[in-house]
Amino acid sequence: MPLPRITFAAVALLALTAAPGVPAAQVPDRKPALVVLLLVDQFRADYVDSFQQQWSGGLRRLLSDGAWFRQADYPYFDTVTCSGHATVSTGSLPSKHGMVMNEWWDRASRTEMPCTRDQSTLPVSYGRTVAGPGDSAVNLRTSTLPDELRAQLSPTSHAISFSLKARSAIPLGGHRPNAVAWFDDSGTWVTSTAFSRAPVREVADYVRRYPVEKDFGRIWNRSLPVAAYSFEDPAVGVEPPRSMTPGFPHALGGESSTPDRAFYEQWQSSPFADEYLASMALDVASRMRLGQGGTTDMIALSFSTLDKVGHDYGPHSHEVQDILVRLDRTLDRLFSGLDRLVGAGQYTVALTADHGVAPIPERAAAQGLDAGRVPEETLTNATNDALQRTFGLGQHVAHIMNSDVYLEPGIFERMMATPAAAAAVRAALEAIPAVARVFTRDRIAADRFDDDPIGRRLAHSYDRERSGDLVVLLKPYWITDETGTSHGSPYAYDTRVPLFLMGKGIVAGEYLAPVTPADVAPTLAFLAGVTLPGAEGRVLTEALVHTVPSARNSR
């Protein structure tokens, strides 16, 4: 006898009536009206442990109400701004997204190529005329979180992205943001024809109402009593930039009686720039009604001032600590504004950094560490002299950038075909006190580094077209900069950064498992209900609100 047909409706009815009084599993509403992606340029992970007692606002709110991932680490070699921002926004590593450095040597044009430079575009200024080619995401080889939100969601998602730096704002905003802007050193906000043929009305209106020049003549002084700050002041080894003093107070007066280029440089190295960025983002988001359109919109902000101050004054300075104190207050105002705009608990925040920073070498040496400076010229000359002994007189090194050495066309192939020449170059470089190891591009591309963590990081930073022929690994605490300090190494002071999630869909707490900033975009994408096709990071499921089990399943 044939079995009776059971319809879907009948099955559903049986499921509802089989266990009266037992609720079905409840799927939580995790989808935010707005995702807020915040990067703090050069924010070392240990700053949270060292300086959190100075915070009482937005950073404190992240600590108390957010998910704090204490083992966030970049798994690649070249820890610089463009690479970090692209990694966070795409969920992929530099070897995939292609933004391997802030600039690389373009072998075809024989020029340094900024990571966002686009010769086919022109600047679009919100003030005075800006000359030269424009910037875009043309060199970014993968899609970003805002790109996928826009492509996959209905109603259409909207995104804005702001920073002082093009190499920060553009990777965060992706290929088609509704508004993206950065600050040109000449003293004006700009975008490019890649994103808009004319100034975006909401941004232009804010810039008109609140000109940066209003800060001309302001004084940046400590926010807290001197005793609240750690370490010496001025910091050991500090050589302040033009028109800045070794210690507080810092006057933003430029070098003339009216705002000039020196003033704009000072302004970018003051906490007033961070305050401006947050205020502009909140104003533009309000006018564009982000988070109020029945979809998931996005705000991306990168605060650059900590990086500018950290390069000049170092990670142990009172200036770095005060920038964070001020940022704590700025984020408090930003979060309060978002509470009003979309509602408390209706948006999700992610905050992380693009890299850390090394201590100033002179300070590290004074503490008994093996630390110092090595000019790039020293690396260039050692390489070229070794090659000349095999291939004759001439310039065999085309360029050097960071740790990457670019050889003249054909020289690398000839060197690798002559084992003695390759060995001579390696020996010459490794004889320099600052140098730890030397890697060739073919070894990096082969990626056979199972027992070599530094090698694996190199492979994750490698791009066949954009990386050098040789990569020189300096010893810890050694840098090539002539003054101040820098970053870009595979060492923990550069690779370890904070990572916080807070708001809709997030379970607050301290999380100790290893994570990477490449996990941020996949996690936010999951909450928004979209996928990132090129992501290499993972969804941080341990910090997400989970399905509430039914009474039957929980027994």
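Student: In which loop does R289 lie?

Tutor: Happy to start there! This is a predicted model, in which local features need pLDDT of at least 70, side-chain atom pairs count only at pLDDT 80 or more, and totals for chains, interfaces and linings use all residues. Residues are numbered from 1 along each chain as its sequence is written, and side-chain values use heavy atoms, with hydrogens and water left out. Helices (H or I, at least four residues) and strands (E, at least two) are DSSP runs, numbered from the N terminus, and R289 lies in the loop between α10 (271-288) and β13 (297-303).

Student: Does R289 count as buried or exposed?

Tutor: Here buried means under 20% relative accessible area, exposed over 50%, and partly exposed in between, with a 1.4 Å probe and protein chains only. R289, which has a positive phi of about 60° although it is not a glycine, has 51% relative accessibility, so R289 counts as exposed.

Student: And what does Y477 count as?

Tutor: Y477 sits in the loop between β19 (470-474) and β20 (478-479). Y477 is not a glycine either, yet has a positive phi of about 75°. Because its relative accessibility is 24%, Y477 counts as partly exposed.

Student: Why is strand β10 largely enclosed by the rest of the structure?

Tutor: Look at both faces of β10: T188, V190 and S192 are buried on one side, and W189 and T191 on the other. The strand is largely enclosed because, of its five residues (188-192), the number buried is five.

Student: Which residue of β10 is the bridge partner of S125?

Tutor: Two strands pair if DSSP finds at least two bridges between them. Strand β6 (residues 123-125) and β10 pair in the antiparallel sense over three bridges. The partner of S125 in β10 is V190.

Student: Which residue in the turn of the β9 and β10 hairpin has a positive phi?

Tutor: β9 (residues 179-184) also pairs with β10 in the antiparallel sense, over three bridges, and W182 stands opposite V190. Three residues separate the two strands of the hairpin, and the one in the turn with a positive phi, about 110°, is G187.

Student: How many residues of helix α7 are buried?

Tutor: Among the buried residues of α7 are I170, P171 and L172. The helix spans residues 166-173 and is largely enclosed by the rest of the structure, because the buried count out of eight is seven.

Student: What is the omega of the cis peptide bond from F248 to P249?

Tutor: P249 lies in the loop between β11 and β12. The bond from F248 to P249 is cis, with omega near -5°.
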